[in-house]
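Please look over the structure shown below before reading on. The briefing that follows takes up its topics one after another.

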Amino acid sequence: MQAKRVTFPGKITPYLLLLPQVAVTLVFFVWPAGEALVSSLFAQDAFGLGSTFVGLANFAALLRDPAYLEAVGVSFLFAFCVTVLAMGLGLLFAAAADALGKAAGLYQVLLVWPYAVAPAVAGVLWLFMFDPSVGMIARALRTMGLSWNHMLDGGQALTLVILAAAWKQVSYNFLFFYAGLRAIPQGALEAAALDGAGPFQRFRHIVLPLLAPTTFFLLVVNLTYAFFDTFGIIHATTGGGPGRATTILVYKVFRDGFEGLDLGGSSAQSVVLLVIVVALTALQFRHIEHKVSY
């Protein structure tokens, strides 16, 4: 049955309905982005007493800064690991919940809980679990002969923030993958089973292709989350350290702008970060979307 199309009387009503969203976009995205772009062209006094136009000098300084180039590498590694881990676990848990059917009610509730936890709180939870002195996971690792001290070891610190950030995002991925799995026609799976296809073959040739639109959407969301929305986790767990081991781009913007009072350089970093994420998203839509069937 074809859905009834709703039309609004007059030409003003549709624009009034769009007005709140347009206002939010202008106030919370376009305006700050414009301010950052303008600030990136100036060398500003640390106390806000004046500014000097320097053109693209702030951007050129970033390319000569080894600390910034190191942050770029850490950011891409961090985003890749968080995206793969969060999406992989989300799909695994969704498949398990779908297999349980109606008996998965409590299981679903427990899996969704982490999404309600604030990023800073999630970081503190993982910090306590991996604390070298009192953390239960750190003590368990020590019992197995593995020394853990993320305050001194940069690799362990990066592992900790990756685990915390991925854990925070698994619930979001689980909800979308579970909804996608529930929408797959059972008739297709039953027909494949009658033809002799095993569980792995049905998952590989039927489930994964039908989940492609959901997977593509989550890929974009997870990369954006890893680049922009993990500041609270890193600030609560490692503070970007030890050294610069967990200083991703969004955290370096904060460090240079609020701690180093380099407002022009910090603005230039925020513009570059925005361009990187927009470029990644455009790349995904240009090359990966062609393999997605809606």
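In this predicted model, Met136 counts as exposed because its relative accessibility is 53%, where exposed means over 50% relative accessible area, buried means under 20%, and partly exposed lies in between (1.4 Å probe, protein chains only). Met136 has its place in helix H6, helices being DSSP runs (H or I, at least four residues; strands are E, at least two) numbered from the N terminus. Leaving aside neighbours within four places in sequence, Met136 is in contact with Phe128 and Met129, contact meaning heavy atoms within 4.5 Å.

The model is predicted, and local features need pLDDT of at least 70, side-chain atom pairs count only at pLDDT 80 or more, and totals for chains, interfaces and linings use all residues. Residues are numbered from 1 along each chain as its sequence is written, and side-chain values use heavy atoms, with hydrogens and water left out.

**Annotated regions**

- The unreviewed UniProt entry gives the annotation "domain: ABC transmembrane type-1" for residues 72-284; UniProt positions are in the numbering used here, feature names are shortened, and annotations may be inferred rather than shown by experiment.
- Across residues 72-284 the chain is 77% helix and 0% strand, with 19 Å between the end C-alpha atoms.
- The unreviewed UniProt entry also places the feature "transmembrane region" at several spans, including residues 109-130 and 206-228.
- Residues 109-130 are 68% helix and 0% strand, with end C-alpha atoms 25 Å apart, while residues 206-228 are 96% helix and 0% strand, with end C-alpha atoms 34 Å apart.

**Nonpolar cores**

- The largest nonpolar core has 35 residues, of which Phe78, Val82 and Ile248 touch the most other members; such a core is a set of buried Ala, Val, Leu, Ile, Met, Phe, Trp, Tyr and Cys residues joined through side-chain atoms within 4.5 Å.
- Among the elements that give two or more residues to this core are helix H3 (66-100), helix H7 (154-182) and helix H13 (263-288).
- Val82, leaving aside its neighbours within four places in sequence, is in contact with Ile162, Ala165, Ala166, Tyr225 and Ala226.
- A second, separate core of 19 residues includes Ala94, Phe174, Ala197 and Val207.

**Salt bridges**

- The count comes to 4 salt bridges, a salt bridge being a side-chain nitrogen of Lys or Arg within 4 Å of a carboxyl oxygen of Asp or Glu.
- Glu70 and Arg244 meet through their side chains in a salt bridge (3.0 Å, N to O); because Glu70 lies in helix H3 and Arg244 in the loop between H11 and H12, this pair ties together parts that are 174 residues apart in sequence.
- Glu70 is partly exposed at 33% relative accessibility, and Arg244 is partly exposed with a relative accessible area of 40%.
- Asp98 forms a salt bridge with Arg182, with the closest N and O atoms 3.5 Å apart; Asp98 lies in helix H3 and Arg182 in helix H7, so the pair ties together parts that are 84 residues apart in sequence.

**Lys252 and its surroundings**

- Lys252 lies in helix H12 (residues 249-259) and is buried, with a relative accessible area of 7%.
- Lys252 forms a salt bridge with Asp256, the closest N and O atoms being 2.6 Å apart, and both residues lie in helix H12, 4 residues apart, about one turn of the helix.
- Salt bridges that share partners join Asp65, Lys252 and Asp256 into one network.
- Not counting residues up to four places away in sequence, Lys252 touches Asp65, Ala67, Tyr68, Ala71, Thr247 and Gln269.
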